[in-house]
Each structure stands twice: as C-alpha cells, then as structure tokens.
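The following exercises are to be worked through with the sequence and the structure at hand. Each task is followed by a solution in steps.

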Amino acid sequence: MEKYELLPLQLRHEGTAVDDNFFSPRPANEASILRAHTPDYWNKLNTLSLSKSEIRATGFPLSQDLVDREVLIAGGSIEAAEFALQHGIAMNIAGGTHHAYSDRGEGFCLLNDLAITARWLQNNQLAAHVLIIDLDVHQGNGTAEIFREDPTVFTLSLHGAKNYPHRKEMSDLDVPLEDGITDEAYLKQLQNALDQVFNQFEPDFILYQSGVDVLATDKLGRLGLSLAGVHQRDRIVLNLAKELGVPIQCSMGGGYSQKISQIIEAHAQVYRLAQELYF
Ligand SMILES: [Zn+2]
C-alpha cells in the first residue's frame with residue numbers, strides 16, 4: 001500500500017526522522033507466532049492451505065508473499081518493542097493487524113502483531129502486564145479473542161459502534177462510539193476510558209494501535225474527528241505513557257481517507273509528537 005512507502009519519505013523530507021532512526025525488521029520466528037496463534041492455523045497459513053471460505057474472510061487472495069509480509073510486520077512490532085524498551089517509544093510503520101484471531105484471519109489481517117508482541121515481551125520477561133490501546137475505528141476483535149482469558153494483557157478498544165466488525169468480541173474495556181462523533185466528545189470518552197483502565201491495571205508496557213481511520217475524511221470510518229483531534233488523541237496517549245514511564249510501541253493501523261496526503265499527515269503527527277516528547 002502506498003502509505004507505507006510515502007510515510008518514511010515524508011518523515012525524512014521534513015526532518016522528523018533521519019536514516020539512522022529507521023530499522024529494517026527481521027521476520028518473526030515461529031515460536032513467537034505460536035504464542036498467539038494455534039499450530040493448526042499457522043500450519044495452514046504456512047502451507048497456503050486455508051479453505052476457500054477462510055481465504056475469503058481474510059479479504060485478499062492468499063499467497064506466500066502475503067504470509068511473508070505479515071510475518072515481517074509482526075517481526076517489526078517485536079523489534080520496535082525492543083527499541084521502545086531502550087528509548088521509551090518506537091514505531092512500526094505498518095502493523096496493528098488487530099482483526100487476526102488465534103485460529104483465523106479476518107479483515108485484511110492474517111497474523112496479530114499486537115498479540116505476538118505482547119506475548120513475546122512476556123515470554124522474554126521484558127514485561128509482565130501489557131496494555132493494548134486500540135484506537136483504530138474498527139474494533140480489535142482478534143486481539144480481544146486472543147486475550148479473552150488472559151488477565152495479564154488488558155485490551156482497550158474505542159471503535160465505531162456501527163462499523164466493521166459487525167459481530168464484536170468482548171475486550172477488557174470496549175467503548176463503542178456513535179457515528180459522526182467529533183473531537184471534544186471523543187477525547188472525553190478516551191480520557192474516561194484511560195482513567196478506568198489505569199484504576200484497575202498497572203501496565204509495564206503499552207502497545208498502541210494508532211489507526212487514523214477515525215478521521216472525518218475517512219472513507220470507511222463514519223466518525224467525525226479532525227486532524228487536530230487525532231493529534232490531541234495521540235498526545236493524550238503518549239503523554240500518559242511518558243509521564244508514567246511505561247514504554248510504548250506504536251503500530252500504525254488503518255487509514256483510508258480519499259486524499260493520501262491526509263493519511264500521511266495524520267500518521268506523521270504521531271512521529272512528530274514522539275520527537276517532541278521523547279527526544
Ligand atoms: Zn481500521
């Protein structure tokens with residue numbers, strides 16, 4: 001997709017990032033994948049033997065390239081998490097594949113990079129309690145399913161009530177939003193939700209799915225946020241992580257505005273904010 005090439009170009013062009021700030025990820029290894037996905041599903045992906053209906057549910061034709069790409073994305077989130085442990089924050093230019101379930105792909109997601117990374121951190125004793133803040137307009141249904149019985153990972157999802165997925169899973173905290181909601185009401189709901197989370201859960205690592213399909217200009221989003229509203233949203237999340245001293249890894253998530261420049265601008269904001277707050 002175009003935005004994954006344009007975003008790094010924009011960040012370099014404007015001086016938000018220099019070449020040294022970028023890393024090329026290694027693919028996630030099989031052991032890491034199997035901490036979030038069932039052996040049966042991984043085997044079917046790996047041998048390209050999903051059934052026709054399983055392939056249809058993923059939203060795209062299955063190919064080795066596609067599987068390799070998702071394995072690389074998951075590796076990118078793991079490596080970004082390592083950098084976040086060193087620097088406080090790090091980003092994956094792709095990622096946020098929150099519709100992937102433990103045993104199936106859905107909604108253009110085959111492997112759940114958020115879940116793979118959370119379990120990787122725990123398995124390596126780098127974090128015990130992981131908070132997943134999912135602010136993409138679509139519910140993090142796969143993530144919710146994977147961690148349904150796991151009290152060590154808290155899943156928070158703010159999402160369009162009437163948007164995909166139409167059959168939602170239960171996150172630890174779900175905040176369904178009305179169509180057309182604008183900045184002020186959205187930010188109030190976000191603040192309330194974060195207060196609720198931190199009243200009951202003490203994370204030592206945060207995974208942030210910072211999808212920008214909440215923008216009013218988004219073709220799929222149905223919400224009414226402005227660019228300034230999305231910027232404020234990111235500021236609330238990053239500020240909180242910074243103040244509490246909890247490392248945060250960001251995955252980009254969705255963004256489908258008509259104009260690619262809107263998408264890039266919205267994603268770039270979170271990088272600028274990271275520079276402002278952390279470096
Ligand atoms: Zn989305």
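Strand S5 (residues 205-209) is mostly covered, five of its five residues being buried. Strands (E, at least two residues) and helices (H or I, at least four) are DSSP runs, numbered from the N terminus; buried means under 20% relative accessible area, exposed over 50%, and partly exposed in between (1.4 Å probe, protein chains only). This is a predicted model, in which local features need pLDDT of at least 70, side-chain atom pairs count only at pLDDT 80 or more, and totals for chains, interfaces and linings use all residues. Residues are numbered from 1 along each chain as its sequence is written, and side-chain values use heavy atoms, with hydrogens and water left out.

**Exercise 1.** Determine which way the residues of S5 point, and which strands pair with S5.

Step 1. Phe205, Leu207 and Gln209 point one way, Ile206 and Tyr208 the other way, and all are buried.

Step 2. Strand S2 (residues 130-134) pairs with S5 in the parallel sense over five bridges; two strands pair if DSSP finds at least two bridges between them. Glutamine 209 in S5 is the bridge partner of aspartate 134.

Step 3. S5 also pairs in the parallel sense with strand S6 (residues 248-251), over four bridges. Here cysteine 250 in S6 is the bridge partner of tyrosine 208. From S5 the chain crosses through helix H9 (residues 227-244) to S6, a right-handed β-α-β crossover (with the strands pointing away from the viewer, the path from the first strand over the helix to the second runs clockwise).

**Exercise 2.** Describe the surroundings of serine 171.

Step 1. Serine 171 is in the loop between strand S3 (153-160) and strand S4 (173-177).

Step 2. Is serine 171 buried or exposed? With a relative accessible area of 7%, serine 171 is buried.

Step 3. Leaving aside neighbours within four places in sequence, serine 171 is in contact (heavy atoms within 4.5 Å) with Gln139, Ala144, Thr155 and Ser157.
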